[in-house]
Amino acid sequence: MQKSAVSGAAATLRDLPSVDEVLRTADAGAITETIGAAAATRLARSVIDRMRNEIRDGGQTSGSSKGDLLTLAATRLVAASRSQNASRLGRVINATGVIVHTNLGRAPLSKDARRAIADEASAYCSLEYDLETGGRGKRGIGAERLLAELMGAGDSLIVNNCAAAAFFVLTVFGSGGEVVISRGELVEIGGDFRVPDVLAQSNATLSEVGTTNRTKLADYEKAIGAATRLLLRVHPSNYRIVGFTATPSLRELADLAHARGILLYEDLGSGALIDLTAYGIAGEPLVAASIAAGVDIVTFSGDKLLGGPQAGIIAGKRELIEKLRRHPLYRALRVDKLTLAALEATLGAYARGTAVDDVPIVRMIAMTKDELDGRAAAMAERLAVGARGNDLIVETIDGRSVIGGGAAPEALLETKLIAISHPTLSAAAIESRLRAASPPVIARIEDDRVLIDLRTVPETDEPELLAILSAL
Ligand SMILES: *Cc1c(COP(=O)(O)O)cnc(C)c1O
């Protein structure tokens with residue numbers, strides 16, 4: 001018995017296809033064309049190696065015919081190349097209803113921003129070239145001027161992200177001295193951005209004042225000494241203290257800082273350029289309001305509520321921004337031409353007053369419940385027609401979308417969800433099929449149903465999404 005199993009394995013091993021044979025199959029041809037001969041050979045070799053081990057271990061492969069082995073190897077090669085593909089950066093449909101979804105690249109860019117990247121910045125471009133004088137120009141000047149105008153700030157500077165911006169400001173203006181911050185603002189934003197750690201990295205000493213829920217102006221006043229360089233205000237982002245709370249106004253803090261010859265720096269995180277309270281977003285301060293209150297420097301992200309590319313924006317008094325621009329660290333933190341082109345184009349919409357139509361993030365926030373009701377009902381109806389062939393159970397239910405990205409955790413964004421279930425397939429199985437689709441559809445699961453929120457799906461992606469859902 002044992003002997004025949006061993007000899008069966010030996011016979012199967014002899015029938016195992018060679019790497020070349022696998023590479024000559026039709027499936028392998030298509031893979032070679034996409035990933036190249038060297039990578040396809042590596043994949044085919046690992047597929048064959050695994051099959052050889054399985055046969056030696058007496059697995060199911062043992063005893064298969066030569067033809068079956070070749071077919072199996074080709075199928076596994078396709079699967080291996082597909083799973084390798086899944087780790088590549090690629091477009092997905094975000095059906096989660098989380099608008100600023102950090103794992104899905106935060107803000108989808110506006111049409112203008114995409115065009116600016118593809119048609120302007122991808123060619124030789126006037127990145128640091130002054131077309132009027134024919135001499136060297138200032139990198140980022142277009143976007144930085146627009147930003148300063150939109151916020152009423154003296155000047156602005158663009159760096160890699162808001163974490164870099166905070167680190168830069170604290171290093172240049174706080175290093176070697178003390179930075180005073182309320183205990184209620186020593187927060188972790190997520191993704192490892194912890195205010196006390198950033199301060200430590202910047203070589204500034206943390207001076208904590210007040211309590212978690214209440215900090216008074218007098219607390220700041222008492223803490224200011226000869227070594228104090230900055231008062232720091234941090235927007236708690238995805239965290240809220242409610243109830244018995246108190247904190248001085250920005251204007252009070254600015255007046256105090258200036259009377260004592262130090263600076264007030266505010267890390268806003270999200271930084272709204274336009275008022276979003278009409279759309280249910282409360283508690284996200286306007287950047288312009290901080291500047292108007294007398295804050296010397298503010299920092300915020302380019303890819304949160306602003307809806308542009310990843311970037312950190314520093315804005316404030318002209319001479320302070322100029323000091324940062326001339327600092328050697330700027331060279332290490334500055335952004336590339338693609339980012340600047342996308343940011344400048346995104347800001348153009350704010351300058352024209354058309355952000356609600358043109359900037360996807362703002363458009364999604366502003367989308368009304370009525371609009372979403374209509375879109376969800378129309379898609380559910382079409383799905384139900386197609387579902388006769390696949391037993392899907394399709395309903396529409398009320399729900400909530402969220403801002404995400406650490407902004408406005410209390411925002412109430414009413415939406416209409418498409419809830420999908422199946423008599424035999426679990427929600428997890430449906431969700432995993434959606435993730436394997438092309439493009440992948442990312443959805444959430446609740447009460448063993450897959451939920452689709454169209455708020456984060458551009459209308460132009462609806463036919464594609466409908467086709468994927470119909471084919472489940
Ligand atoms: C999000 C956030 C950051 C980090 O911003 P990135 O652009 O992700 O680097 C820093 N500070 C605050 C208050 C934030 O909300």
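1. Which backbone atom lies 2.8 Å from an oxygen atom of the ligand? A backbone N or O atom of Ala163 does. This is a polar contact, a pair of N or O atoms within 3.5 Å; within protein, one must be able to donate a hydrogen and the other to accept it, and residues adjacent in sequence count only if both atoms are side-chain atoms.

2. On the basis of the note: this is a predicted model, where local features need pLDDT of at least 70 and side-chain atom pairs count only at pLDDT 80 or more, while totals for chains, interfaces and linings use all residues. Residues are numbered from 1 along each chain as its sequence is written, and side-chain values use heavy atoms, with hydrogens and water left out.

3. The ligand site. Around the ligand (a heavy atom within 4 Å) stand Arg106, Asn161, Cys162, Ala163, Ile189, Phe193, His235, Ser237, Asp267, Gly269, Ser301 and Lys304. Asp267 puts a polar side-chain atom 2.6 Å from a nitrogen atom of the ligand. Ser301 has a side-chain N or O atom 2.6 Å from a ligand oxygen atom.

4. Backbone at Arg106. This residue is also listed around the ligand. Its phi is near 55 degrees, a positive value in a residue other than glycine. Arg106 sits in the loop between β1 (93–94) and α6 (111–121). Helices (H or I, at least four residues) and strands (E, at least two) are DSSP runs, numbered from the N terminus.

5. Helices α7 and α15. The axes of α7 (residues 141–151) and α15 (residues 337–352) come within 9 Å and cross at roughly 30 degrees. Axes are lines fitted to C-alpha atoms, for helices over the stretch in contact, and angles run from 0 to 180 degrees between N-to-C directions. The two helices are therefore roughly parallel, a label for angles under 35 degrees. Their crossing is left-handed, meaning the near helix is turned anticlockwise from the far one by less than a right angle (right-handed if clockwise). In contact (heavy atoms within 4.5 Å) are Gly142, Ala143, Leu146, Leu147 and Leu150 of α7 with Leu340, Glu344, Leu347, Gly348, Tyr350 and Ala351 of α15. By class, that contact has 8 nonpolar, 2 polar and 1 charged residues. Ala, Val, Leu, Ile, Met, Phe, Trp, Tyr, Cys and Pro count as nonpolar, Asp, Glu, Lys and Arg as charged, and the others, Gly among them, as polar.

6. Helices α3 and α5. Here α3 (residues 26–35) packs on α5 (residues 66–86) at about 25 degrees, with axes 9 Å apart. That makes α3 roughly parallel to α5. The crossing is left-handed. Asp27, Ala28, Ile31 and Ile35 of α3 meet Ala74, Leu77, Val78, Ser81 and Gln84 of α5. The contact divides into 6 nonpolar, 2 polar and 1 charged residues.

7. Helices α18 and α20. The axes of α18 (residues 369–386) and α20 (residues 462–470) come within 10 Å and cross at roughly 40 degrees. The crossing is right-handed. Arg375, Met379, Arg382 and Leu383 of α18 touch Glu462, Leu465, Leu466, Leu469 and Ser470 of α20. This contact has 5 nonpolar, 1 polar and 3 charged residues.

8. Cis peptide. Ser438 and Pro439 are joined by a cis peptide bond, with omega about -5 degrees. Pro439 lies in the loop between α19 (427–435) and β13 (441–442).

Technical notes. Parallel < 35°, antiparallel > 145°, perpendicular 65-115°, else oblique.
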